[in-house]
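Hello,

Here is the structure you asked about.

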Amino acid sequence: MLDEAFRDGWGWWVVALAVGVPVLLVVLTELINGLRRRNSPIAGPLRLLRNGVIPAGALFALLFFAIQSPADQVWTRVVATIFGFLVILLVLSSFNVALFANAAPDSWRKRIPSIFIEIARLVLVALGLALLFSWVWDADVGGLFTALGVGSIVIGLALQNAVGGVISGLLLLFEQPFKIGDWLDTGGVKGRVVEVNWRAVHIQTGNSIQIVPNSTLSGASFTNMSAPTGIYSATTTVTFATDDPPHEVMALLTEVAEALPMRLEDERPDVDYLGKGAYEVTIPVSAPGEAQRALSLYLSWLWYASRRRGFALDGDATDPIAEPARLVEAIEKVGPTLHLRDEDREAILAGTRLERYGVGELVLGSGVVPDRVLIVVSGRAALGVEADGGRIDFAAAEHGDMIGHTALTRERTQTVAVASDILTVLSVPLSIIDQLIQTRPRLAAEIGEALELKRKLAADALSALGLSRPIARKR
């Protein structure tokens, strides 16, 4: 009987399946484990081959070749159908890995939206199943294809508006004129793209989420402000009084713009005089999203800076703190700091003035020799050193504290002072401070002690980061 089994051929099939299938499964398991450790996409098709195709194929071979079941038997057809379906999935999975898994980022294969791939896969699976049923079950699929074609036409005509939006979305996804995070200007909507789906694009305008249909974008022109990448500029126009000297105003506009933290490093702002007191300021920023923030901060700082210089921004140069009563009140507050006497008050009133700084505005930079001393009347200023491209704060100047001690020693500053709040200071010229020191040795000693303390605090802050001296930030 054994000789008869091998003579008929089915015995060899049984031996081949009993030995070959386990060996093949073990080999595939080891191969898949190695590919998974390397995060290779080939592991997916091989896993389908091991877990589905080989067991189904082995069962089909056992029924058809070893047991020699009739081809028209139900169980044989069921197993053949399952095996054929798994083979179709394996072939499609392999093509997907070969074409798209390792595609270069800038290639056409990488730009194809995944929805296109899924639709193509669904169509191929449907065609494969139709052919499979035709071969295995002798089914007539011609009528089914005809019905599907007619039904597709009817459904397409009924849903042409909805389908048109979906097609527009798919075309946008395929062409990719923008991506998530880009800034768009559609004419009526301007903001950052936060979501793209089949039907619409969601744009964050700053105040709300604006939903723009894909059909609207595909049928009209729009501007991608994030492409090409590079320098993006925030532009604004400001007006001063025609009596303000243009070159001095332009210097002020440039100075304020260069101090902005949003300004692109190594790029200088540009100021153009348009005539009749109008100036156009262009500030280079790193991204469109920084433009509005940069302009908002710039205009607020410019309000304070123009009034400190006496320039009439928007035709108005008045500042409430310029009232004489406020100056008298401020001198009374900071009098103990300067050891003032009654006979000093006339000279102080004549030579000093009040100044205000906006939040975040530079009060005193590093590397300059001050020609005045600032005494904090209200608000707070952060004192820091510039190192490694940033600022390290080590102390704060509050009510009664001095800023610009090195004016007395005629040395360059090593620290910077930045307004933490809306800061009001009494600006005292160096000549007045020198006169006060000549008759008040204690004032000179206090200024020297404060200067040494700040130097020590700055050195401690740098040593904590492993630095020995300030490193000027590139502007």
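This is a predicted model: local features need pLDDT of at least 70, side-chain atom pairs count only at pLDDT 80 or more; totals for chains, interfaces and linings use all residues.

Helix H11 covers residues 289-309 and has 21 residues. From first C-alpha to last, H11 reaches 31 Å, close to the 30 Å expected at 1.5 Å a residue. After H11 comes Gly310, with a positive phi near 85°.

The buried residues of H11 include Ala294, Leu295, Tyr298, Trp301, Leu302 and Ala305, and also Arg307 and Arg308. What do the buried residues of H11 pack against? Their partners are strand S6 (232-239), helix H10 (246-258), strand S8 (278-285) and strand S9 (353-357).

The largest nonpolar core has 25 residues, and Val238, Phe240, Leu253, Ile283, Tyr298 and Leu302 touch the most other members. S6, H10, S8 and H11 each give two or more residues to this core, and H11 supplies the largest share, eight residues. Leaving aside residues up to four places away in sequence, Tyr298 touches Thr236, Leu253, Val256, Ala257, Leu260, Val281 and Ile283. There is also a second, separate core of 23 residues, with Val334, Leu340, Leu426 and Ile432 among them.

Leu436, Ile437 and Thr439 of H15 meet Pro441, Leu443, Ala444 and Ile447 of H16. Six of the residues in this contact are nonpolar, one is polar and none is charged.

Finally, an unreviewed UniProt entry lists "transmembrane region" for residues including 12-36, 48-67 and 79-103. In the model, residues 79-103 are 92% helix and 0% strand, with end C-alpha atoms 36 Å apart.

Regards

Key: Residues are numbered from 1 along each chain as its sequence is written. Side-chain values use heavy atoms; hydrogens and water are left out. Contact means heavy atoms within 4.5 Å. Helices (H or I, at least four residues) and strands (E, at least two) are DSSP runs, numbered from the N terminus. Ala, Val, Leu, Ile, Met, Phe, Trp, Tyr, Cys and Pro count as nonpolar, Asp, Glu, Lys and Arg as charged, and the others, Gly among them, as polar. The expected span of a helix is 1.5 Å times one less than its number of residues. Buried means under 20% relative accessible area, exposed over 50%, partly exposed in between (1.4 Å probe, protein chains only). UniProt positions are given in the numbering used here, feature names are shortened, and annotations may be inferred rather than shown by experiment. A nonpolar core is a set of buried Ala, Val, Leu, Ile, Met, Phe, Trp, Tyr and Cys residues joined through side-chain atoms within 4.5 Å.
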